[in-house]
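Visitor: I would like to walk through this model with you and ask what stands behind each label.
Guide: Gladly, please bring your questions.

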Amino acid sequence: MRAFVYDRPTRVEQAVATVTADPQAAFLAGGTTQLDLMKDGVWTPDRLVDISRLPLRGMMTEGQLLRVGALTTMEQLAAEPVVARRLRFVREALLAGASTQLRNMATIGGNLLQRTRCRYFRDPTVAACNRRCPDSGCAAVANTARMHAVLGVDERCVALHASDVAVPLVAVGAAVTVLGAKGERQIPLTEFWVRADEGPSIENVLGHGELITEVRIPLLPEGWTSGYLKVRDRASYEFALTSAAVALRMDSGVIGDCRIALGGVGSVPWRAWQAEDLLRGTQPEPTLFERAGRAVMAGAYTLPGTAFKVDLAVRTLTRQLIAMTSAATR
Ligand code: SF4
């Protein structure tokens, strides 16, 4: 076992200052990803700053905004009545993720910061991994790759962002509040992660010592319908092959407005802007839904093991759009 210093501060500012002052220090929250990485020897911090005692749990509604403390667990967020009423696709994505045991430990802040599940990244005996060791190559591109991304990737890295709940959060326009040595700032989730084709070794825009303190989720207006569809190899405790988070409002038989994001396909949770633009103001029609899906997947970078995701993502989005437009007109 590799020795490390363990701190457990009680104030947020104290935690931020401790990590900021030590380049080898890192925050520890629920630990559901980090402890695995430490045991595997993939992640080797010299100091862990356990933030689990900080006052960052709980939720409050402020007008049309749900403010969620970063240490709120996935299970607590799923159980919040306003999430069931006004953010149904967030609740469905939460409950489709991991297992009940993990959801009771995993925090919403930690979920957003989870590392890729790429098997080569998680195996330190594999030398070629640009994400773990910059400029070392990418073992996934040359070997078997299936649970990998096809959007926002290139030959340097095809790592997938595997979060479920991040997908509807990106669709609905959520943001995070972060605190660092220079103060507080808010970052929209659409600008939070860095695509693998923009730099494989940088995963998000957080500076060292910056801590997510809350997630700010706009509530869907009354009259909107939303849902999350996850396609996976087995029915529980499995990551998405593809997923679609759709929220929309129908106006007199046409799609008045919509928010769409895809999971299981991108190096970051993928906001489907092209699909939204194509669908607004149109009558629900499966061929149009498929065209919208093809527009999102255009330019996908595929490997032999991941090529199936292009058609599967189009079908996943088409099916979810059919379901949501039908539900909205009932
Ligand atoms: Fe590393 Fe990315 Fe290649 Fe996986 S896909 S081996 S994380 S560089």
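Visitor: How many helices and strands does the chain have?
Guide: The chain has 12 helices and 12 strands. Helices are DSSP runs of H or I with at least four residues, strands are runs of E with at least two, and both are numbered from the N terminus. This is a predicted model, where local features need pLDDT of at least 70, side-chain atom pairs count only at pLDDT 80 or more, and totals for chains, interfaces and linings use all residues. Residues are numbered from 1 along each chain as its sequence is written, and side-chain values use heavy atoms, with hydrogens and water left out.

Visitor: What makes β4 and β5 a pair?
Guide: Two strands pair if DSSP finds at least two bridges between them. Strand β4 (residues 59–62) and β5 are joined by 4 bridges, so they qualify, and they run antiparallel. One of the bridge partners is Val68 in β5, which faces Met59. The two strands form a hairpin with 2 residues between them, and Gly63 in the turn has a positive phi of about 60 degrees.

Visitor: Which strand does β5 pair with over 5 bridges?
Guide: That is β8 (residues 211–218), again in the antiparallel sense. There, Gly69 has Glu214 as its bridge partner.

Visitor: Why is β5 called mostly covered?
Guide: Buried means under 20% relative accessible area, exposed over 50%, and partly exposed in between, with a 1.4 Å probe and protein chains only. In β5 (residues 65–69), 4 of the 5 residues are buried. Across the chain, buried residues make up 54% of the 330.

Visitor: What is the order of the strands in the open sheet?
Guide: The order is β9-β10-β11-β12, with antiparallel pairing. β9 (225–231) and β12 (270–271) each have a single partner strand, so one side of each is left without a neighbour in the sheet.

Visitor: Which helix packs on the sheet, touching β9 and β10?
Guide: Helix α5 (residues 88–96) does, and its direction makes about 25 degrees with that of β9. Contact means heavy atoms within 4.5 Å. Axes are lines fitted to C-alpha atoms, for helices over the stretch in contact, and angles run from 0 to 180 degrees between N-to-C directions.
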